[in-house]
Amino acid sequence: MTLRIGVDLGGTNMRAALLDDKGRILKEAKEKTEAHAGPVKVIANLISLIETVKGEEDVLGIGIGCPGPLDARSGTILSPPNLPGWDRIPLAAIVEEHFELPVKVDNDANVAAVAEAKLGAGAGYESIYYLTVSTGVGGGFVINGKVFQGANGYAGEVGNMIVVPNGKKHPSLNPGALESLASGTAIGAAGESKGIPGGSEAVFTEARMGNEEAQCIIDEAVDYLAMAIANLTHAINPDVFVLGGGVMSAEEQILHPLRAKVREYMYPELKELVQIVPAKLGSNSGVIGAGFIV
């Protein structure tokens, strides 16, 4: 049996898991990231976490999923907003030197895409586009089980796709970018402006209770997501779109209207061919996908 280690390194929490060749979690450990402590401290804690799940086991290698931007080819972290002070940190090389094992690093959306492609909702398809809608919006395009990185490793960064020309400004994205209009953060902010505190979850709750303003916020976000999926379909035409992330906990309020809205933006020949399904692996997709990028 081939064993591997997957690591989900986030701005708030980090988690490591020992996986078998079917993606089953045999052992896991997690703790707070404490990103404010800086990369040296966080990496030391990360290595300790990996040692906890590895024990004396022989493993194929270690995969790490973390926030971008990053250079997946070299395994270098390029100052992501969620990890302050991580400016060109060669994470893969540091972990590889410690364990003397192959180490691969990729962004969190890509590793989740790999997990869903191999073992989740995208299993059995040649190509899947994974779209995560959470604090931000991210994406990953997987073909035959492998992430399509593009010429410079930035393929799939759908959060920066412009869906409203000259639209809402964002500190690090294009004005009118998808993430600034359809993420959980955006939905929550729109709720606050309408007197609905409590983030995106509160907006969805209010909509279920008949609040028309809350429903309008959700309808707008769904419309922007539909534009993005239509654009991606016309550009790369994957077999299936798999939707994950925290916002999809309100699946019943998103999936059906999203499918209907996407059809409005498609070529007639494609209207009934676009498949959009919910992710299956939930919070496990990060560690499972990370293990399988090795």
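Trainee: What should I know about the model and the numbering before we start?

Mentor: The model is predicted, so local features need pLDDT of at least 70 and side-chain atom pairs count only at pLDDT 80 or more, while totals for chains, interfaces and linings use all residues. Residues are numbered from 1 along each chain as its sequence is written, and side-chain values use heavy atoms, with hydrogens and water left out.

Trainee: OK, how many aromatic pairs does the structure hold?

Mentor: Three. Rings of Phe, Tyr and Trp (its six-membered ring) pair if their centres lie within 6.5 Å; planes under 30 degrees apart count as stacked, over 60 as edge-to-face and the rest as tilted. Tyr129 and Phe141 form a tilted pair, with 6.3 Å centre to centre and 35° between the planes.

Trainee: Where do Tyr129 and Phe141 sit in the chain?

Mentor: Tyr129 is in strand β9 (residues 127–133) and Phe141 in strand β10 (residues 137–143), 12 residues apart. Helices (H or I, at least four residues) and strands (E, at least two) are DSSP runs, numbered from the N terminus.

Trainee: Is Tyr129 buried or exposed?

Mentor: Tyr129 counts as buried because its relative accessibility is 2%. Buried means under 20% relative accessible area, exposed over 50%, partly exposed in between (1.4 Å probe, protein chains only). Phe141 is buried too, at 9%.

Trainee: What about the pair of Tyr129 and Phe241?

Mentor: That pair is also tilted, with 6.0 Å centre to centre and 50° between the planes. Phe241 is in strand β12 (residues 240–244), 112 residues from Tyr129. Both Tyr129 and Phe241 are buried.

Trainee: Which residues do the ring pairs link into a cluster?

Mentor: Tyr129, Phe141, Phe148 and Phe241.

Trainee: Switching topic: which residue lies over the face of Phe292?

Mentor: Arg4, at 4.3 Å from the ring centre. A charge sits over a ring if NZ of Lys or CZ of Arg is within 6 Å of the ring centre and within 35 degrees of the ring normal.

Trainee: What lines the largest cavity?

Mentor: The lining is Val133, Ala182, Ile187, Phe204, Ile218, Ala221, Val222, Leu225, Val247 and Ile254. Helix α7 (residues 212–236) gives the most, with four residues. By class there are 10 nonpolar, no polar and no charged residues. Here Ala, Val, Leu, Ile, Met, Phe, Trp, Tyr, Cys and Pro count as nonpolar, Asp, Glu, Lys and Arg as charged, and the others, Gly among them, as polar.

Trainee: Which residues of helix α5 are buried?

Mentor: In α5 (residues 184–193) they are Gly184, Ala186, Ile187, Gly188 and Gly191. These pack against β9, α4 (179–182), α6 (199–208) and α7. Contact means heavy atoms within 4.5 Å.

Trainee: And α6, which residues are buried there?

Mentor: Ser200, Ala202, Val203, Phe204 and Ala207. What covers them includes α5, α7 and α8 (251–264). Ser200 counts as buried because its relative accessibility is 18%. Not counting residues up to four places away in sequence, Ser200 touches Gly184, Ile187 and Gly188.

Trainee: Which residues other than glycine have a positive phi?

Mentor: Among them are Arg88, with phi near 55°, and Glu100, at about 55°. Arg88 is found in strand β7 (residues 87–89) and is exposed at 56%. Glu100 lies in the loop between α2 (91–99) and β8 (103–107) and is exposed at 72%.

Trainee: Last one: which peptide bond is cis?

Mentor: The bond from Gly68 to Pro69 is cis, with omega near 5°. Pro69 is in the loop between β4 (62–66) and β5 (70–71).

Conventions. On a 1 Å grid over the protein atoms alone, a cavity is a set of points where a 1.4 Å probe fits but cannot get out, and a pocket is an open set with protein on both sides within 12 Å along at least five of seven lines; lining residues have an atom within 4 Å of a point.
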